[in-house]
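I opened the model and kept notes as I went. The entries follow in the order of my look-ups.

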Amino acid sequence: MPAARTADLLAAAVAEGRGLPAFNVITLEHAEAIAAGAELSGSPVVLQISQNAVAYHGGRLLPLARACAEIAAAAKVPVSLHLDHVEDFDLLRASAAAGFSSAMYDASALPHAENVKRTAEAAEWAHRHGLHLEAELGRVGGKDGEPPLSPHAPGARTDPAEAARYVAETGVDALAVAVGSSHAMTTRTALLDHDLIRRLAEAVPVPLVLHGSSGVADDELSAGLAAGLVKVNIGTALNTAFTPAVRQHLAEAPAVTDPRKYLAPARTAMTGAVARLAAVVSSPGRSSRSSA
């Protein structure tokens, strides 16, 4: 069957009072592990390809996107395709023909007025082409090697009133918010601002998205979901499972040259990480909201 649509998966998560896990894809092994882990947990998931991942593959979107579409179609649980952290409008335009049902347009580093203008244009284009559009307000930090923001830095937290205006002015369908997490964390020490999440969920009529969740412990994730988060993006946690498995295999068998010998256990390690985190995120525990 064809891949699921992200908007439908989000609507179901909201109605059922649970979260929707979204996992970042870099290689084919990532996509295979995400689908396998989702099947083990019985959870719907989102396969996400970021602009950085596209750049890693030589700027070519279609090869990885088509592989992910095939994996999503063959999965025994609903799996959708999402293009993440897109700053290049030409890449956004390529998403509909490449099989994506959703995208995240990221103008968060721009001055606020320019962020609103460009995101509104992106949302208008996305809706004309049947895509669900996510955006970001506030600065999660830690992306592309930048240091995490201090919790007290200007712009390091999303303001509920500003978020409500931003959604109304741009017409986006989901909003990534800055509530204490940071991209690329390899330790799970981030503390979420649960009161802020609750206030954002009350003020914003679209699902809230957490970026940088790999640095957030399970109990913090569960509390954040209970406070109002819906979509949870997960990337670094897969790599911290994948890479040590590769290192261990090569240390134990230094003469190995066949990449299948070390990629297979790395893919298995990622599958386990996906299954565990998907179960945490998709466990019911939120009050259902009427909007999605």
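I started with T27, which sits in the loop between strand 1 (20-24) and helix 2 (28-41). Helices (H or I, at least four residues) and strands (E, at least two) are DSSP runs, numbered from the N terminus. T27 counts as buried at 18% relative accessibility. My cut-offs are under 20% relative accessible area for buried, over 50% for exposed, and partly exposed in between (1.4 Å probe, protein chains only). The T27 side chain makes a polar contact with the side chain of H30 at 2.9 Å. Another, of 3.2 Å, joins the side chains of T27 and E29. A polar contact is a pair of N or O atoms within 3.5 Å; within protein, one must be able to donate a hydrogen and the other to accept it, and residues adjacent in sequence count only if both atoms are side-chain atoms.

A note on the source: this is a predicted model, where local features need pLDDT of at least 70, side-chain atom pairs count only at pLDDT 80 or more, and totals for chains, interfaces and linings use all residues. Residues are numbered from 1 along each chain as its sequence is written, and side-chain values use heavy atoms, with hydrogens and water left out.

Next entry: strand 3. I looked up its burial and found eight of the eight residues of strand 3 buried, so the strand is largely enclosed by the rest of the structure. Which strands pair with it? Strand 4 (residues 102-105) is covered on both faces. S102 and M104 are buried on one side, A103 and Y105 on the other.

I then checked the annotated positions. The UniProt annotation "active site" (unreviewed entry) covers D84. The UniProt "binding site" annotation, also from an unreviewed entry, covers H85, H183 and H211. UniProt positions are given in the numbering used here, feature names are shortened, and annotations may be inferred rather than shown by experiment.

D84 lies in strand 3. Is D84 buried or exposed? It is buried, with a relative accessible area of 2%. I listed what D84 touches, not counting residues up to four places away in sequence: N24, Q48, I49, S50, Q51, M104, H211 and N233. Contact here means heavy atoms within 4.5 Å.

H85 is found in strand 3 (residues 79-86). H85 counts as buried at 6% relative accessibility. Its side chain makes a polar contact of 2.8 Å with the side chain of D106. I flagged the backbone too: phi of H85 is near 50 degrees, a positive value in a residue other than glycine. Most residues other than glycine have a negative phi.

N233 came up among the contacts of D84, and I followed it. N233 lies in strand 8. N233 is buried, at 5% relative accessible area. A polar contact of 3.2 Å joins the side chains of N233 and H211. Not counting residues up to four places away in sequence, N233 touches several residues, including A22, Q48, D84, E134 and G212.

Then helix 9 (residues 218-227). I found E220, L221, G224, L225 and A227 buried there. They cover an arc of only 160 degrees around the axis, which puts them on the same side of helix 9. The arc is that of the directions from the helix axis to the C-beta atoms. These buried residues pack against helix 8 (194-203), strand 7 (208-210), strand 8 (229-234) and helix 11. Just after helix 9, G228 takes a positive phi of about 145 degrees.

Last entry: the nonpolar cores. A core is a set of buried Ala, Val, Leu, Ile, Met, Phe, Trp, Tyr and Cys residues joined through side-chain atoms within 4.5 Å. The largest has 79 residues, and F23, I49, L83, L92, L133 and L175 have the most contacts inside it. Helix 11 (residues 259-282) gives the largest share of this core, nine residues. A second, separate core of eight residues includes L9, L10, A13 and V14.
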